[in-house]
Amino acid sequence: MKERLALAGKVENMVTRRNPLFDTATTLGKILGFLGVSAICGVLVAGLLVPAAAVSGSAASGSIQFFDTLPAELQVNPPSQATTILAADGSQIASIYSENRTRVPLDQMSPYIKDAIVAVEDSRFYEHGGVDATGIMRAIVSTARGQKQGASTITQQYVNNVINESLVSQDKAADVKLNGVNKGVGDKLREMKLAIALEKKFSKQQILEGYLNIVFFNKDAYGIEAASRLFFSTSAKDLTLPQAALLAGVVNSPSYYDPVANPDHAKQRRDLVLGLMLDQGKIKKADYDAAIAAPVTTKVTQPRQGCAYAATAPYFCDYVLHLLYNNPAYGATQDERINRVSRGGLTIQTTLDPKAQNAAQAQVDATTGANPDKWGATIVSVQPGNGKIVSMAQNTVWLPAAGKFDQTQNFNVDVVDSKGNDLNGLGGFQPGSTMKPFTFAEWLNEGKSMNTTINAAVRRYPQNFPWINTCPTPTDGWYDSTNGTFDLQNSDDVHYRSMSVLYGLMNSINTATFASASKVDLCGIQKIVDAVGIHGGNPIRDKAGTITDPNPKVPMTTLANLIGSTQTAPLTMASAMATFSNNGKYCEPIAITSVTDQAGAKLPAQSPNCRDAVTPEVAHGVAYAMQEVLNQGSGSLIQPRISTKTSFPIAAKTGTNDNNGSTWVVGYTSGLATASWFGDPLGGQNRFGRNITVNGKFYPNVDGYMIAGPQFSNYMSQVAPAYGTNPFPAPPSNLLDAPSFRAPTPSNTSPSTQPSGNGNGNDNGKKNG
């Protein structure tokens, strides 16, 4: 911000100081100034006394050929413009800029502003060839008399602005030349040369259009369109005569003639402009009289740029920006990429669905209410089959506000991307029992029936337990109270018994997960977890803090990870679960569908990147089991419904970490996958979710189905039907055991916005290793 204000000050000086070529203070200085300018005029006279069309004619002399080529230093590229981030439906999410500017063609500007700016800044604009000899001689005479008068034409001012704009865009603001400050005779000569060359290459209309789009009006308004919107909440094409005259006057000294801060000064300057327009025949006397009589009134629309002021989804907006800032296609360095985005006038089309986003935001805000204890709540959704991020919400505000939980970090994403570039993410949370479906998937992958009976009474897995592990990574961890640790625990005392693998998953029984894991290859579980994109959300760093592994694998040979010990981002979990909805194909999450520059040229964006992760048969088996979680298992109280009696096919898994400080429901329909999370976002998983009050309700223990569950249910009830809720394909009979097969039947229990009771949804499981 300080840099932007400093630049604004420089630009204001650039356009406000209309000093003569020599700022003379003594009689000798005046004489020398006169002689010096006369010498300059002698050199330039051939180019000064003829208009641009004549300069480019065949009769041009050798001296005029000095001005023939427009040098590379004055490539008239489009000036800095605001970048716009759009939702999937084309609505604006945010505007990003270094300079608030929206370029508009000349025919989209009011004729009043075109006439007003010429009248006050360069009345001979249409007569000279870039440098006005008459104006220079008049300035010389005024200088000799001790009076200051500017001589720069609109073309020269445009040249000056273009040069300085180019320097700033190259991070060379220190080289900016400002009239009357650090501009010498050589700089002025160069400016004249370039002005004449410019007029030979471009028409007067093109130059005037360029000038009105680049000139500085206010630190929040560069160019006439931005100025019109700032001061009058209108467009450049709809400016009235008094408004246009006022803005034309502002250019001379944007601070002094600021109509908000100094309305009297602004009126004085406006009336001067109106008088010049009348004298030059640009307006009639009646129009002049009416405009003079009009008071100076403004209707300010203060621009709000950046994701912090996003109309919706500020954290998704920030995620999109970081994706671009990390993309080498937008520049060799991150500074170049940031510059490209903030000054390039890009249009960034994203995947965000505003309706889904609004529903997600309303839900996470309602989950925690006033939230003095700063509990976190998040929802993130992706589309199976393409990975498009549909919504990304959390219950915080970006900017500090009284009584609000303010936070700039994104709770839904990793700390860094796969190459170690910053994503401004928190890095995720322990996923608890939402990791159990991946052990279940390997069970099915090995051709075992989900209705096979296992012994879930086993609680001790000592160091020498014969795990099957074909990975080079050794098995790590044990559960054994006779050997320095503790026995594996369930949430209650009634499930240490034999049960089917299906029953164990749908009721989230820790001992059942371990019993099934003991009969499959841990390396097979690892391959599935890797294939569906699950990784740790926090990078691994060396002692010096250097990232050695940006998105480390979640080692499934570490036994604690069977029940979710490694912190994982909600976006990662939603994308992983979407695999089971997509016939076993995993799709990387994407947020940007297209990027175009000012000229409409396409720039690199994201496209679906999908791969086979598990077989369709395994995916269908997991979907079958996860439907049962909601039908009659740990999520039976949170079955989403369109109405109290109508449900739709949906699969989900609850999850809670050891200290109840991280609770989840992750699930999917045929068209939408969602991760819903509630817990402690700031305490490093150390704050217990026990004996707490959330939104006026007391919880002895918070489990996945209690808060994250209703949040998931309410959101999916609103949003999922629009994305498709087709029935999931039935798994093959060999994975079901034919005698036990039955189609999932939704529970008739009505959804509860705050379910209570001590169901089997408590996914606590002491973890070790």
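Reader: How many disulfides does a search of the whole structure find?
Author: This is a predicted model. A disulfide is a covalent bond between the sulfur atoms of two cysteines. Searching the whole structure for such pairs gives a count of three.

Reader: Which pattern do the disulfides of the protein follow?
Author: Count the bonded cysteines along the chain. Cysteine 307 bonds to cysteine 317, cysteine 471 to cysteine 523, and cysteine 587 to cysteine 610. The pattern is 1-2, 3-4, 5-6.

Reader: Is the link of cysteine 307 and cysteine 317 left-handed or right-handed?
Author: The sulfur atoms of cysteine 307 and cysteine 317 lie 2.0 Å apart. The angle about their S-S bond is -70 degrees. That link is left-handed.

Reader: Where does cysteine 317 lie, and where is cysteine 307?
Author: The disulfide of cysteine 307 and cysteine 317 has its sulfur atoms 2.0 Å apart. The two residues are ten residues apart, and the pair links distant parts of the chain. Cysteine 307 sits in the loop between α12 (285-293) and α13 (314-325), while cysteine 317 is in helix α13.

Reader: Are cysteine 307 and cysteine 317 buried or exposed?
Author: Buried means under 20% relative accessible area. Cysteine 307 has 6%, so it falls under that cut-off. Cysteine 317 has 0%. Cysteine 307 is buried, and cysteine 317 is buried.

Reader: What is the handedness of the disulfide of cysteine 471 and cysteine 523?
Author: Their sulfur atoms are 1.9 Å apart. The torsion about the S-S bond is about 90 degrees, so this disulfide is right-handed.

Reader: How many residues apart in sequence are the parts that cysteine 471 and cysteine 523 tie together?
Author: The two cysteines form a disulfide, with sulfur atoms 1.9 Å apart. Cysteine 471 lies in the loop between β8 (453-455) and β9 (498-500), and cysteine 523 lies in helix α19 (residues 522-531). The parts so tied are 52 residues apart in sequence.

Reader: Why does cysteine 471 count as buried?
Author: The cut-off for buried is under 20% relative accessible area. Cysteine 523, its disulfide partner, counts as buried at 6%. Cysteine 471 is buried because its relative accessible area is 14%.

Reader: Which strands hold cysteine 587 and cysteine 610?
Author: A disulfide joins these two cysteines, S to S 2.0 Å. The pair ties together parts that are 23 residues apart in sequence. Cysteine 587 lies in β12 (residues 585-587), and cysteine 610 lies in β15 (residues 610-612).

Reader: Is cysteine 610 buried or partly exposed?
Author: Its partner, cysteine 587, is buried at 6%. Buried needs under 20%, and exposed needs over 50%. Cysteine 610 has 34% relative accessibility, so it counts as partly exposed.

Reader: Which residue in β14 stands opposite threonine 596?
Author: Strand β13 (residues 592-596) and β14 run antiparallel, joined by two bridges. Threonine 596 faces lysine 602.

Reader: Which residue in the hairpin of β6 and β7 takes a positive phi?
Author: Strand β6 (residues 376-382) and β7 run antiparallel, joined by five bridges. The hairpin has six residues between the strands. The positive phi, near 100 degrees, belongs to glycine 385.

Definitions and conventions: Residues numbered from 1 in each chain as written. Predicted model: local features only at pLDDT ≥ 70, side-chain atom pairs only at ≥ 80, totals over all residues. Heavy atoms only, no water. Pairing = 2+ DSSP bridges. Helix = DSSP H or I, 4+ residues; strand = E, 2+ residues; numbered from the N terminus. Disulfide = S-S within 2.5 Å. Buried < 20%, exposed > 50% of the residue type's maximum accessible area, 1.4 Å probe, protein only.
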